Amino acid sequence: MQGSLFLDGLGLLGAALYLGSYAGLQFGVIRGNSALYTILNLAASLAVLTSLFSQWNLSSAVIQTSWVVISLVGLTRLWLLQRRLRFDDAEQVFYETHLGALRHIDARRFMDAGEWVDLAVGEGLTTEGAPVEALFFLVGGEARVMAGSQEVARLGEGALIGEFGVLTRAPASATVEITRPARAFRITADALETLGDRNGELLRQLSFVFALSGQAKLATSNARLRGSSLDAAR
Ligand SMILES: Nc1ncnc2c1ncn2[C@@H]1O[C@@H]2COP(=O)(O)O[C@H]2[C@H]1O
């Protein structure tokens, strides 16, 4: 008798969980593709399924068992997706420095289309006047930026290199060469083009990211020029 009371209670709890999750979905409190929604449905179906042991009903058992299986498949799919979207430490730095405005999945696609490379001192990343073949993102190390024979900047951790020309394949505005061993994310102009053909929104976001980086560099260069012309005038 007590056991049957317990099972009835469990059945009612299951019903409450079903109704609560459905109401949450309809009222916009819970998202249908969230883990929470699936977990509530899993708990509801397990509770109702267990409660059937007090009063067996085959069709209800079939529904609840199917609900449990579908929920478990859904949760496994969500877990696999989350795992795939995870960034390692270097990727996380890249994401936080430049790619925060991108959807997680698009940042993942972008990074999957490139590779991480170790760059030795003397290695050239761009050659002034030659088409930009790849974009680099530096993690550590250092590179110098040469316009003709003049050094115009030094770039280190967090810098993008090649962002002006990589999408348009314009001639590089400067020659960039590694001066301290660096680890870098590298994505070729070809890979970016393929990515952009498939995903126009990602291309638009990347253009924005590259423009922001270029703007910051221009502002730094202008400030330096302003400083040196003031020095010259004194
Ligand atoms: N004044 C500058 N300061 C910092 N970086 C620069 C400067 N001029 C050129 N660069 C970098 O050198 C790269 C050469 O290729 P891009 O012109 O595509 O993009 C350029 C920038 O990433």
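Author: Strand 2 (residues 124-126) and strand 7 (residues 175-180) run antiparallel and are joined by two bridges; that is enough to count, since strands pair here if DSSP finds at least two bridges between them. Strands are DSSP runs of E with at least two residues, helices are runs of H or I with at least four, and both are numbered from the N terminus. Within this pair, Gly124 stands opposite Glu177 in strand 7.

Before going on, a word on the ground rules: this is a predicted model, where local features need pLDDT of at least 70 and side-chain atom pairs count only at pLDDT 80 or more, while totals for chains, interfaces and linings use all residues. Residues are numbered from 1 along each chain as its sequence is written, and side-chain values use heavy atoms, with hydrogens and water left out.

Back to strand 7. Strand 4 (residues 142-147) also pairs with strand 7, antiparallel again, over five bridges, and there Val145 faces Val176. Strand 4 in turn is joined to strand 5 by five antiparallel bridges, with Ala147 opposite Gln150 in strand 5. Put together, you get an open, antiparallel sheet of four strands in the order 2-7-4-5. Strand 2 and strand 5 (150-155) are the edges, each pairing on one side only. On average, neighbouring strands in this sheet are turned by 30° against each other, direction ignored; axes are lines fitted to C-alpha atoms (for helices over the stretch in contact), and angles run from 0 to 180 degrees between N-to-C directions.

There's a second open sheet, also of four antiparallel strands, in the order 1-8-3-6. Its edge strands are strand 1 (115-119) and strand 6 (160-161). Five bridges tie strand 1 to strand 8 in the antiparallel sense, and Asp118 has Arg183 of strand 8 as its bridge partner. Helix 6 lies across strand 3 and strand 8, at about 55° to strand 8.

Now for the packing. The largest nonpolar core has 26 residues, and Phe94, Leu99, Phe110, Met111, Phe185, Leu206 and Phe210 have the most contacts inside it. Such a core is a set of buried Ala, Val, Leu, Ile, Met, Phe, Trp, Tyr and Cys residues joined through side-chain atoms within 4.5 Å, where buried means under 20% relative accessible area (1.4 Å probe, protein chains only), exposed over 50%, and partly exposed in between. Among the elements giving it two or more residues are strand 3 (134-139), strand 8 (182-188), helix 6 (189-198) and helix 7 (200-233). Leu99 touches Phe94, Phe110, Met111 and Leu206, leaving aside residues up to four places away in sequence; touching means heavy atoms within 4.5 Å. Apart from this core lies another, of 17 residues, and Val176 is one of them, along with Leu119, Leu155 and Ile161.

Zooming out, an unreviewed UniProt entry annotates residues 98-213 as "domain: Cyclic nucleotide-binding"; UniProt positions follow the numbering used here, feature names are shortened, and annotations may be inferred rather than shown by experiment. In the model, that span is 30% helix and 35% strand, and its end C-alpha atoms lie 8 Å apart. The domain assignment gives domain 1 (1-84) and domain 2 (89-232), with bounds that come from an automatic or database assignment. Their centres, taken over C-alpha atoms, are separated by 49 Å.
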